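Biologist: I have a model open and would like to learn how to read it. Can we go feature by feature?

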Amino acid sequence: MTDITNSAPWRRLETLARGLATRRTIDLFGAEPGRAMAFSLEAAGLYLDYSKNRVSLEALATLFDLARAAGLPAAIERMFAGAKINATENRAALHAALRDFSGRQYIVDGENVAPSIDAAREKMKSFAGRYERGELKGFSGAPIDTVVNIGIGGSDLGPLMAVEALRPYWLRGRRCFFVSNVDGQHLADTLATLDPARTLFIVASKTFTTQETMTNAHSARDWFLANGGAVKDVARHFVALSTNAKAVADFGIAPENVFGFWDWVGGRYSMWSAIGLSIALQCGWSTFEALLRGANEMDQHFRSAPVEKNMPAILALIGVWNRNFAGAAAQAILPYDQHLHRLPAFLQQLDMESNGKSVTATGEKIACATGPVIFGEPGTNGQHAFYQLIHQGTDIIACDFIAAAKPASPLSDHHEKLLANFLAQTEALMLGKSESQARAELAAEGKGPADIDRLAPHKVFPGDRPTNSILFERLTPGALGALIALYEHKVFCQGVIWGINSFDQWGVELGKALAMKILPELSAPGGARPASADHDGSTRRLIEKINALRAT
């Protein structure tokens with residue numbers, strides 16, 4: 001694989017970055033008339049403004065050259081064509097096919113998988129319809145009205161985020177809970193609020209062997225059986241999102257309540273598949289379908305638009321600029337919408353599990369920085385938490401600000417104040433405040449020379465902190481689908497540029513394997529065997545300390 005850092009566009013970008021480091025972002029607006037329009041675009045109901053990044057028209061044109069040098073247009077086509085771009089696992093990455101209603105063929109290993117996608121979607125639709133109409137009955141004869149999704153990672157974060165984001169679309173009188181952590185308190189706290197006769201458990205595990213998920217699933221089954229349910233009732237109170245038919249049957253789940261998916265659907269890209277069943281149940285099938293269609297609209301834009309007008313590609317390239325040429329090691333996701341409060345956590349997995357790699361897709365050491373640290377909170381909460389570091393800290397943190405122009409629930413002037421903060425923060429991060437401005441403000445407040453000298457350094461803001469703004473009319477299912485697809489494709493584009501396989505996640509395996517070795521040494525109090533000598537001194541001592549504390 002060619003090292004992108006040796007390409008002519010990369011070297012040109014390094015030169016341009018050195019020159020731009022001495023310029024103010026605000027000055028680029030004067031030097032480039034029409035910058036706000038030139039550095040913005042619309043697609044699939046979303047509006048992206050990236051003009052507040054310290055990047056010039058020349059640098060932007062060179063970023064487009066970089067995308068072509070990395071083979072991005074061809075890579076996009078290969079993904080949609082079903083090529084096995086996940087090379088280490090010899091798999092395609094065809095999550096986009098799950099939200100396509102056009103009848104287009106998607107070929108994997110010579111087979112058109114579109115009919116199987118349609119069939120799986122129809123099965124989900126039928127089940128969701130029965131739930132919405134109250135036709136799913138529990139062991140007491142009462143309608144099931146509560147869903148508990150048991151999964152982890154991609155089987156939890158995506159559906160949880162979407163269900164929270166679509167709160168205005170929840171079916172009346174229905175509840176949905178998500179249990180992911182193997183910490184028993186997560187499940188115990190959830191079960192304490194439930195009526196077993198009216199609860200449906202979704203066990204989301206492709207292999208039906210995921211340790212955290214299956215531990216929670218078996219404990220939920222034990223609780224169900226201890227609180228009125230019989231073994232024969234498991235079939236109507238548990239469904240499986242899995243491909244392991246034997247393990248599912250052994251658990252007691254009826255074959256008609258098993259929803260499968262495919263190995264070309266990665267976990268963090270799986271909410272569009274049967275993994276999204278909890279969304280369809282809590283929000284209704286029409287809402288889930290609108291979510292799919294919104295994502296598909298972004299897919300069609302991504303596949304057809306040239307790089308210069310391609311929203312996911314541009315968002316990716318601006319991210320590459322900030323990461324590799326402007327020194328931003330982290331990126332904050334800042335949704336100014338309380339219903340998007342789980343979006344930063346979802347994007348942490350999407351981005352950091354995809355592009356947190358240090359070798360290329362062909363195994364060579366990468367010569368540049370790759371995926372940034374992702375974090376965030378909804379605005380305005382974040383403003384009173386970590387924005388201090390973003391504004392005045394020693395590190396540059398790139399920020400994506402996300403907002404709806406119209407609220408889901410109008411209440412006095414709340415939304416106007418929310419949007420005022422959304423706009424003000426991006427302007428403040430770009431403009432900053434010089435020492436002379438700080439001194440002038442302090443003087444205007446009546447401060448004396450000594451106080452001005454003492455306080456002025458603390459009121460200086462460097463500015464030139466890079467931000468993107470993403471707007472949509474309101475947070476509808478379609479807008480949410482487009483937004484998620486935008487970030488999915490952005491992550492993919494950055495992986496192509498860095499030469500990464502964005503669809504595997506070997507980094508999660510080592511710790512899991514070691515945990516399985518440690519588990520017998522941490523069995524029930526008094527029953528654990530001594531810590532193995534194979535452990536390092538620290539781990540061995542921690543095991544011994546834990547066992548001693550548990551024995552008292």
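This is a predicted model: local features need pLDDT of at least 70, side-chain atom pairs count only at pLDDT 80 or more; totals for chains, interfaces and linings use all residues.

Biologist: How are two packed helices described?

Modeller: By two things: the angle between their axes and the distance between those axes. Take helix H7 (residues 157-165) and helix H15 (residues 343-355). Their axes come within 9 Å and cross at roughly 155°. Angles over 145 degrees count as roughly antiparallel, and H7 and H15 are therefore roughly antiparallel to each other. Their crossing is left-handed.

Biologist: Which residues make the contact of H7 with H15?

Modeller: H7 supplies Leu157, Gly158 and Met161. From H15 come Leu343, Ala345, Phe346 and Gln349. By class, this contact has five nonpolar and two polar residues, with no charged ones.

Biologist: What is the angle between H4 and helix H14?

Modeller: About 105°, with the axes of H4 and H14 (residues 311-325) 10 Å apart. Angles of 65 to 115 degrees count as roughly perpendicular, so H4 is roughly perpendicular to H14. On the H4 side, the contact is made by Ala59, Leu60, Leu63, Phe64, Leu66 and Ala67. On the H14 side, Ile314, Leu317, Ile318, Val320 and Trp321 take part. The contact of H4 with H14 has 11 nonpolar residues, no polar and no charged ones.

Biologist: Now strands. How do they pair in a sheet?

Modeller: Through backbone hydrogen bonds, either parallel or antiparallel. For the antiparallel case, look at strand E1 (residues 40-43) and strand E2 (residues 46-49), which pair over four bridges. Ala43 stands opposite Leu46 in E2.

Biologist: How many residues lie between E1 and E2 in the hairpin?

Modeller: Two. Ala44 in the turn has a positive phi of about 50°. Another positive phi sits at Asp109, near 50°, in a residue other than glycine. You will find Asp109 in the loop between strand E3 (107-108) and strand E4 (111-112).

Biologist: And the parallel case: what is the strand order in the open sheet?

Modeller: Five strands run in the order E6-E5-E7-E8-E9, with parallel pairing. Strand E6 (175-179) and strand E9 (258-259) are the edges, each pairing on one side only. Strand E8 (residues 238-241) joins E9 by two bridges, and the two run parallel. There, Ala240 stands opposite Val258 in E9.

Biologist: Which strands does helix H8 touch?

Modeller: H8 (residues 184-191) packs on the sheet and touches strand E5 (146-150), E6 and strand E7 (199-204). The direction of H8 makes about 165° with that of E6.

Biologist: How many salt bridges are there?

Modeller: The general idea is a side-chain nitrogen of Lys or Arg within 4 Å of a carboxyl oxygen of Asp or Glu. The count by this rule is 28. One to look up joins the side chains of Asp464 and Arg54, at 3.4 Å from N to O. Asp464 is in the loop between helix H19 (449-455) and strand E13 (467-472), and Arg54 is in the loop between E2 and helix H4 (57-69), so the pair ties together parts that are 410 residues apart in sequence.

Note on methods
Residues are numbered from 1 along each chain as its sequence is written. Side-chain values use heavy atoms; hydrogens and water are left out. Two strands pair if DSSP finds at least two bridges between them. Axes are lines fitted to C-alpha atoms, for helices over the stretch in contact, and angles run from 0 to 180 degrees between N-to-C directions. Angles under 35 degrees count as roughly parallel, over 145 as roughly antiparallel, 65 to 115 as roughly perpendicular and the rest as oblique. A crossing is left-handed if the near helix is turned anticlockwise from the far one by less than a right angle, and right-handed if clockwise. Contact means heavy atoms within 4.5 Å. Ala, Val, Leu, Ile, Met, Phe, Trp, Tyr, Cys and Pro count as nonpolar, Asp, Glu, Lys and Arg as charged, and the others, Gly among them, as polar.
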